[in-house]
Amino acid sequence: MLEITPLHYSLLSAALFMIGVIGVLVRRNVIIIFMSIELILNAVNINLIALSDQLQDLAGQVFVVFVIAVAAAEAAVGLGIIIAFYRNKETVNIDEIQIMRW
Amino acid sequence: MAEAIVFWTLAVLILGLGIMVISARSAVHSVLFLVVNFLLVAVLYVMLNAEFVAVIQVLVYAGGIVVLYLFVVMLVSLKKAPERYADPRRVAWTGTLLAGAVLLEVVAIVVASSGGGEPAATEGALGAADTPFAECGAGPLVSCNTEQLGWVLYTSYLIPFEVASMLLLVAMIGAIVLAKRHL
Amino acid sequence: MSNDSSLLSLILFTPLVGALVLLFVPKRQEDAIRWIANVFVFIGFLVSLPLWFRYDSANPEFQFVERLPWIPSIGAEYFLGVDGFSVLLILLTTLMGVIAVLSSWTAITMRVKEYYIFLLTLQTGMLGAFVSLDFLLFFLFWEVMLVPMYFLIGIWGSDNRLYSAIKFFLFTLVGSVVMLLGILAVYFYNYSVTGVYTFDVTQFHQLDIPFDMQWWIFLAFFLGFAVKVPMFPFHTWLPDAHTDAPTAGSVILAAVLLKMGTYGFIRFSLPILPEATIAFVPLVAGLSIIGIVYGALVAMAQRDWKRLVAYSSVSHMGMVMLGMFALTPVGITGSIVQQLNHGISTGALFLIVGIVYERRHTRLISEYGGLSKIMPVYAAVFLIMTMSSIGLPTLNGFIGEILILQGVFVVQKTWAFFAASGIVLGAAYMLWLYQRTMFGTVTNPKNENLPDLSMREFVTFAPLLLLAVWIGLYPKPFLDRLETSVDKVMMRVDSDYTPRFAAVMDVDAPAGAAGSPAAIAANGAARAGGLDETPAEAVAVTRVVAVNDDPGGPGMIEMPVRGGGRRIAAGN
Amino acid sequence: MESIWLIPLLPGIGAAINGLVGIRFFGKRLAGVLASFMMGWALWLSFWAFVELLGTEERFHQVTVASWIPPIPLDTVDGVGSFTVDWSFTLDPLSAMMALIVTGIGFLIHIYSIGYIEHEPRGGVARFFCYLNLFCFFMLTLVLGSNFLVMFVGWEGVGLCSYLLIGYWYHKQSASDAGKKAFIVNRIGDWGFVLGVFLVFFTFGTLDFRAVAEAASQMPVETAAVGFGVISAICLLLFIGATGKSAQIPLYVWLPDAMEGPTPVSALIHAATMVTAGVYMVCRNAVLFTHAPMVMEIVAVIGVLTALVAATIGLVQTDIKRVLAYSTVSQLGYMFLATGVGAFGAAAFHLMTHAFFKALLFLGSGAVIHGMNEEQDMRRMGGLRQYMPITALTMAIGAVAIAGIPPLSGFFSKDEILFRTFLHHGVFVPDRVLWGLGVVTAMLTAFYMFRLINMTFFGAYRGPAWGHGAEEPGHDDAGHGDDHGAGHGHAWHGPHEASRWMTIPLVVLAVGAFFAGFVGVPIAFEAVWPWTATIEHFLHPSFVAQGAHAVEEAHHMSLLGEFGLMGLSVLVALGGIWFAYRNYVERPEAAERLAESLAGPHRVLTNKYYVDELYDATVVRGTMGSAGGLWTVDQRVVDGAVNGTGWTTIAASWVSHILDKYVVDGLVNLTAWICGEASYVFRRAQTGLIQNYAFVTLLGVFAFVTWFLVAR
C-alpha cells in the first residue's frame, strides 16, 4: 500500500482511461468529447512512462512523444472540423452530426 | 513514504479533475480543469524520471493544445449547451455503467497478474544491457535522460520522427483549410 | 542516307506539331489560328521538298529509312521508308495540304480552331500511311485518317453531313477490319516460315505464300482498299462524302485519301500476293471498266455540281485501277501518274466548286450559267482544269490516260476498247457542265455581281496549273522516279521480267539482302527455270489458268506453265 | 531547218502573251498585230524551211527537241519492246507544204480578223487572237509532228481550239451547243484514233511515222485474198479518227453547226486547215493505207458518199455560211476519195487548192455578212456586187475555182482526182461507179456555188432597208447580230465594202486561188507546159517508205481519153453554172417552182436528211437515258443495298437492345433490388451517432476482457 509499484500507475491510468471513455460516451458537446479523448491519451501516456521506467527502456518515452505529436495533430484537425461544422450547422451537438449516415 | 503520499494525492487529484472535466456544465470550465489535469500528469512524469516528456507535456498539452481548445470554445458561442436537448434515444448511464464494469475487470486482471508486485529495480540490469547508450552506464535512467531520449529519437526512431513531423505539417495545413471560411 | 536519317519523321510530324501548337491558341483569335495553320502546313511542304531532290531514282531500295522498335513484344516497328510511289504521293499530299488549308481561310467561320486542328491531324495521318513500311504502323495511320475526316465532314459539312460522315466512316471501317484480318494472316504466315514475328513489309515482299492462302488474303486486302479507291460496287460513300464535305475536305478526300486505296494495292497486294493478283486481274479489270463507264454516265445525270465531280473521280479511279492491274510497266507507271493527275485536276475542280459555293451557298448547276462573263479568270482556270481532267494532250491527264490505255491495250484489247470510251463520255459530261455553268447569258440575278478570284484563291490554283502543264509537257522527271519501283513490282508479278536497273545492280552482291531485287530476280529466274516447283505454285498455275482464259477477244493473256508469271501472245 | 520546232512555238508564244497579259492590258489593234506578227514570223520560217528542203537532196529532216515519255518496257507482238515518245518534228515535202498552207492562210486570216473583229469589246479581241494563235500552234504541231502522239497533241488541240472559237460568242446558246457538239463528235473519232495508235505500237513497237512506214512496207499487202489483217484494222481505226476530224459520214454533223463561230474561224479552221487534218493524217500514213486496200476502198466509198450527200444538202441551204460548210464537207469527201483510190498526191493537191479558194469564199462571205450587218440569209441579199465590188469579184473567182473551170486551181486538182478515180480498179465496188458519183458531185458543186453567188451578188436587192443615223434596220434572223454585240451600237448605213484589213487578204487569196493550180498541171499537157505534176513529184517521197524507192507508177491512158474526161468535167461544171444562172438570175421564181414540184425531196434536203434528228434520237437520247437510268440504279440499288445493310443492322440492334434491356439487365436489376430491400433492415444499425458506435466498441472491449478474465 505504501510502496508504489508500476501496478499503481497502471491502475491510475486505467481509471483515468475509463473516465475519458465515460466522457466520450456521455457528453453531447463535441468539444468536451475531444477533451475526453485527450484524457484517454494521457492515461495511455502514464502507462507507457511507468512501464518504460520499470523496464529501463526509453522506447516508452519515445512513444509518448509520438502520442503527444499525434494528439496535437488530432486536436488541430478535429477542432478545425468542429469550427467548419459549427459554421454550417450552428451547433456542436454530436447527435446532430450524422449527415454521413446511410 | 513521501513518494507514496505524493502519488496518492496526485492520483486522487488527477481522477477528480478528470471527472470534473467530463462533468462540467460549461465547456470553459472543463477546459480549465483539463489544464490542471495535464499539469498534474506532468508532475507524475517527473516522478517517473521522464523529465523531457514532462516538459513536453507542459509545453504542448498545457501550453498548446488546451489553449487551442480554449479558442475553439470561445469561437463556438452556443446559445444553450447541447446537453439541454432532451434525447429519448440514449441513456447516459448505460455507458457509465459499462465503463465502470470494464474498469473493474481490468483492475481485477491487473491485480491478479501482479500478485504482490516485486520491486522494479530487479529488472534494471536486463533493461540496461541492451540499451543503446553505453556511456550512461547501466545505472537507473536518472542522469542525462533528455540526452539519451534525443539520441534514441534521432537514431533508431529517426524515420517515425520524420513521419511525425510530416503528420504535423499535414495536420496544420488541414486545420487551416478546414477552418478557413472560403479558400 | 545518314544525313536524311530523320527527314521522314520531320515531314510526318510537322503538321501534328502545328496541331499541338494550335491547341494552346485561344479560340477567339481566329486569324492567328489561320496564320499558324498555314505556316505549319507550308513548312511541312518545304521540308518534304528534299524528297524530290535527294531521292535517288537509280537505287531500287527503300530510301530515307528509319527503323526503331515500337512494340517489340509483337515485333511491330517504327519503320519508315519511301520509294518512287510514295515520294510522289507524299509530295502530292503536302502540296494539297497547303492548298486545302489556304483555301479554307474564309470558307470556315465557325469552330475555326478545331477545324484546323483536325485538318493538320489528318495531314499527319495521310503522310504516315505513305511513309510507313511497317504493316501495323500503316494500319494505325490508315485508321487515324478516318477520325479527323469524319469530324470534318460531320461538323463543317453541308446539308445531311451526319449521314455522309457516318456512311464514310462505317464503309471504310468495314473494309479496314477485313484488311486487318489479311494483315494478321500474312503476319502469322511469315512467322510460320521465318519464325520471326514482324510486320516488316520489305520482308513480306519476299514471301511465297501458297496460292489458296494468297487468294483469301487478296480478297481481304481487296475489300479494304477497294472501298477506299473506291471501286465500282463500293463507291456510294464517295458522292455523299464529297458532296457534304467542306471544300478543303473534298479536296483532301479526292486528292489524297482515294490514293490510299490504290497505294495500298501497289504497295501491298501486288508485291505480297503476286499469284493471287494475277488470278484476280479479270475481276478487278472488269470492275474498273464498269467503274469507268458507269461513273461517267452517272456523272452525266447529276444536277449537283460537286456530285458530278465526285462521280467523275469514280470514273478516273477506275482508270487508275485498270492501269495498275494491266500488270505491265507502262500500265503501272501510268496508273501512278494518273493518281497524281487525278489529285491535281479533281482537287482543283473541287476547289472551283468551293469558290462559287462560298459565294452562293448552292451547288445546283441550274443556279449558275454565264459565269465566264462575270468571272473570266475563274472561267479560264476552270477551263484548263476541265481539259486536264478529260485528258487533253499537253496537260497532265493525257499522259496518264495514254500510258494506262497503252499498257492495257497490249494485254487485252477489249478492255482498252471500253476504257477508251470513258474518254468520250468524260469529254461529254465535263463540257456539258462547263457549258451549263460558264456559258450562256447570266440568267440568275444573284450571279450578276459575283467577285472574280481573289489573290489568295488564285494562289491556291497556281501550283496546280503549273503542275498540270509540267506533267503534260515534260513528265520525264516523274516517270524517272517511278522506274525502279515499278520494276520491283513487275518482278514480283511477272517472274521473268528483266528490270531496267539490272545494270545498276551488282548481281554478285550478297543476294539474300532484304528485298534486294537481285535476290528476287534470281528467285524468279530460278522459278522460271522450274528449279523449285512447289505444290503451292502448281496450284497457283492451274488456278490462274482456270480464272484467266476468257472466250471474248483473241487470247491476249496466256498463262505460262511455270511460276505464275505471264507473257503476251501475238495478237489476232 | 533545225529550228522548225520554232514554227509551231511562235504562235504558241503569241497565244500565251495574248492570253496572259493581252486580255487585261492590250488594245484591240495591239493584240491583233501581235498575233499576226507571230504568224508572219512563223510563215517566214516555214518558207525558208521549205526553200531549204528544196535545196537539199535528202527529203526527210527530223528534229528531236526533247524526250517526252522516257522508254518504258512494254510487250509488243514480237517480245518486249520499249514505249517511248519524243517531242520531235519532221520536215518532209508533205509537212512542209502543210506548214506553208497553215502559216500562209493563217497569216492572211489573222490580218483579216483584225478588221473583222474590231467591233468586239477589247478583252474579247485579245481572247479571239489568243485562241486563233493557239489554234495555229496546235495545227502546226499536228502537221510537223513526227510521231503519232505528237500529231495527236495537235489533233486534240485543234479540237479544243475549234471548241473555243465556235463557242467564241459563248452567250449564244446555239454557239456553245455547236462548240460542245464539235468537240464531243471529234472525241468519238479520237476514240478510234487512239485505239489505232495503240495498235500501231503493239504491232510495230514504235510510234514514229517513218519507222512505222519502214516496218509496214516489209509486210504483205492485205488484199482480199490475204484477208483483213492487223494493218487493215489500224487503218480502219485511224480512219474513224479522220472521219471525226474531217467531217465525213457518219461524223460530219458537227461541221455545219460549227458555222456559229466567227467567219474568220470558219475560214481558217473549218475550211482551210483543221478539217483537212484527217486527209493529212491519211496521206501521212500512205504506206499503211496502201497495205490495206480494203480499207482504202471503204475510205473511197465514204469519201464519195460524203461528197454527194453534202453537195445535195448544200443545194437548198439558204444560210450563206452553211452552203459553204456543206461545200467544205463535200470537197473533203473528194480528198478522201482521192486517198481512197491511192492518189495521195492528188488529195494533197486538192487540199492545197481547196485551202485557197474555200478560205477565200469564207472570208468573202464574212465580208458580205459584215457589210450586211450580220445578215446571213441569202434570201435577204442580192445585187450586192454594186455595194461591195472587190468582195464580189474575189468570191466569183473562188466560185469559178471550186466549180472547176480551167485554168483556175480547182480544175486541176479536182480533175486529177476524177482522172485517178476513173483509172482505179476497186476491190468490191465496180469500176467507174465512184467516178460517176464524183462527176455528179462536181455538177452539183458548180450549181450550188453559183446559186450562192447569184443569190448574193446578182438580181435585185432583197435585204432590209437602211435609214440614216438613228433607226436600226429591223431584222429577225437567228444568225444575226442583235445578241452578240458586233455590228451593234453603230447605226447601219446599208451594205458597204469591208475595210482594207479584210479586202487585202481577199485579193491575195484570190490570186492564190487563181494560180495555185499550175503546180499540178496534168501530164497530158506536157507538150504545152513543161512543168507537169510538179506537186505530185515533190510530195511523192512522203507517200512511200524510205527504203522502197518504188517509182511512181505512171497513170496513163490515151491523150484523147484524158482530154475527153477533162472536157466532160468542164462541161458538167458549166452545166451546173448555167442551171444556177437560169434559176436564180434570169427567172428567180423558177427556183420556188422547182422546190414546190419536188416538195418531198426538198423537205428532206432542207432538213439535212434528218441525220441530226436521228443521232439525237438514238445516240444522245440513248446516252442521256442510260445516264439517268444508271443514276437511279445507283441511288436505289447500289446505294440502296448499302443503306439496306445499315437499316438491317439498326433493326437487329433494336431487337438485341430490347432483349438486353428487359432480360439480361433485368437480372442485374433484380439482384440490386433485393440488396436494396434487405438494406432497409440492416441500415437501422447505422444511426450515424458516433457515441452509439463508441458504445458498441466498448461493449466489444467488455466482451473481450470478460473472455480474458474467464479464459484463465
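In this predicted model, the contact between chains D and C draws on 44 residues from chain D and 48 residues from chain C, with two residues counted as in contact if their C-beta atoms, placed from the backbone, lie within 7 Å. On the chain D side, β1 (61-75), α5 (148-166), α6 (173-204) and α24 (611-682) each give two or more residues. Helices (H or I, at least four residues) and strands (E, at least two) are DSSP runs, numbered from the N terminus. The largest share of this side, 13 residues, comes from α6(D). Sorted by class, the side of chain D that touches chain C has 28 nonpolar, ten polar and six charged residues; here Ala, Val, Leu, Ile, Met, Phe, Trp, Tyr, Cys and Pro count as nonpolar, Asp, Glu, Lys and Arg as charged, and the others, Gly among them, as polar.

Chains B and A meet too, with 74 residues from chain B and 64 residues from chain A. It's α3(B) that gives the most to the chain B side, twelve residues. That side splits into 57 nonpolar, 13 polar and four charged residues.

Inside chain C, L119(C), L122(C), M126(C), A129(C) and F130(C) of α4(C) meet A248(C), I252(C), V256(C), L257(C), M260(C) and Y263(C) of α10(C). The residues of this contact come out as eleven nonpolar, no polar and no charged.

As for the bookkeeping, residues are numbered from 1 along each chain as its sequence is written, while chains are lettered from A and ligands numbered from 1 in the order in which they are written. Local features need pLDDT of at least 70, side-chain atom pairs count only at pLDDT 80 or more, and totals for chains, interfaces and linings use all residues.
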